[in-house]
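Thank you all for making time this afternoon.

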Amino acid sequence: MTDKPIVRKCIVDGITKPTSELLRFVMIGNTLYPDFNKKLPGKGIYVTNNRISLETALAKKLFNKVTRHNLKIDDDFVNIVENIIKTQALNSLNIARKAGALVAGFEKVKEEIKKNKVEFIIEALDAGKDGKEKIAFLAKSVEIFNLFSIDELDITLNKENTVHIAILKSDTSRMVYNNLKKYENFLSLNGDSNQ
C-alpha cells in the first residue's frame, strides 16, 4: 500500500496539488517567509512551484488576501526564493559527492554510463557543443539536467572545469533528483510543474 501524497491548494490557480509541486510560505509576525523545509511554525500558504506563479501571487497581493494582513515582503522576494531553491539543488550535489554517488569529468561519466550505473546527468549550461553531443549519444535514455554554469559547479564541488557530472544509482540519487527537478520547475517558463 502506497501512502497518499499530502495535498494543498495553490493560492494562485486554486488547484489542489501534492506538496512536492508547491512552495510553502508562512507568515511570522507581519512578514512572509519561505519555508521549503516545513520547519517554521504557522499555517502554510502554498504556491505552485514556478517563478510565474510566485510573481502572479505577489503582483495580485494574494498573500495579503489570504492572511488578511498587509505583509512585509522583500522587493527582491522572487530572486530570494530562486536562490534558496538553487542553493538546495547545488548543496545536494555536494552531499552526493561526499556519499560517493557522484562522478565528474567526461571520461568518468562515460565509463559509468557504459556500466549502466548512472541515474541521471548534470551538464554545465556553457558546455561545448561537441561534449554535449557525445554525452547525449552515450546517455540515450538517461535524463540530463542543464541548470548550472561551469563556474557554479566548480565552486560547489571545489573542482576545476566541471562540465559533466553523473549521479550514480544510490540511496542519495532520489534526493538530488528531487532538488534538481524543483529548481528546474521553478525556472520553467510555461508555468507547468509537471514537465
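I will go from the overall picture to salt bridges, then to surface patches, and finally to a few loop residues.

A word on the source: this is a predicted model, in which local features need pLDDT of at least 70 and side-chain atom pairs count only at pLDDT 80 or more, while totals for chains, interfaces and linings use all residues. Residues are numbered from 1 along each chain as its sequence is written, and side-chain values use heavy atoms, with hydrogens and water left out.

Let me start with the whole chain. Its secondary structure comes to 7 helices and 9 strands, where helices (H or I, at least four residues) and strands (E, at least two) are DSSP runs numbered from the N terminus. Along its principal axes, the C-alpha trace spans about 55 × 45 × 30 Å. Of the 195 residues in the chain, 46% are buried; here buried means under 20% relative accessible area, exposed means over 50%, and partly exposed is in between, with a 1.4 Å probe and protein chains only. The chain exposes about 11100 Å², of which carbon and sulfur atoms supply 50%, and these areas come from the Shrake-Rupley method with a 1.4 Å probe, where for residues only the protein chains shown count as cover. If we take the contacts (heavy atoms within 4.5 Å) between residues at least 6 apart in sequence, 64% of them join residues at least 24 apart.

Now to the charges. Side chains of opposite charge can pair when their charged atoms come close. The rule used here for a salt bridge is a side-chain nitrogen of Lys or Arg within 4 Å of a carboxyl oxygen of Asp or Glu, and by this rule the count comes to 11 salt bridges.

How far apart are the closest N and O atoms of aspartate 35 and arginine 24? They are 2.2 Å apart in a salt bridge. Aspartate 35 lies in the loop between β4 (31–34) and β5 (45–48), whereas arginine 24 is in strand β3 (residues 22–28), so this pair ties together parts that are 11 residues apart in sequence. Both aspartate 35 and arginine 24 are buried.

A second pair is lysine 86 with glutamate 152, whose closest N and O atoms are 2.4 Å apart. Lysine 86 belongs to helix α3 and glutamate 152 to helix α6 (residues 150–157), so parts that are 66 residues apart in sequence are tied together by this pair. Lysine 86 is buried, with a relative accessible area of 18%, while glutamate 152, at 24% relative accessibility, counts as partly exposed.

Glutamate 184 and lysine 181 meet in a salt bridge of 2.8 Å, N to O, and, being 3 residues apart in helix α7, they are separated by about one helical turn. Glutamate 184 and lysine 181 are both buried. There is also a network of salt bridges, which links Arg51, Glu55 and Glu82.

Patches are made of residues with over 30% relative accessible area and no salt bridge, with like charges joined within 9 Å and nonpolar side chains (Val, Leu, Ile, Met, Phe, Trp, Tyr) within 5 Å. Which residues form a positive patch? They are Arg97, Lys98, Lys108 and Lys159; Lys and Arg count as positive and Asp and Glu as negative, with His and the chain ends not counted, and the place of a charge is taken as NZ of Lys, CZ of Arg, CG of Asp or CD of Glu. Arginine 97 is found in helix α3 (residues 77–98) and, at 33% relative accessibility, counts as partly exposed.

A nonpolar patch of about 220 Å² is made by Ile28, Tyr33 and Leu40. Tyrosine 33 has its place in strand β4 and is partly exposed, at 37% relative accessibility.

Finally, some loops. Asparagine 116, in the loop between α4 (106–114) and β7 (118–123), has a positive phi of about 60° although it is not a glycine, and it is exposed, with a relative accessible area of 56%. Asparagine 116 is also one of the residues touched by lysine 169, not counting residues up to four places away in sequence. Lysine 169 itself is found in the loop between β9 (164–168) and α7 (173–187).
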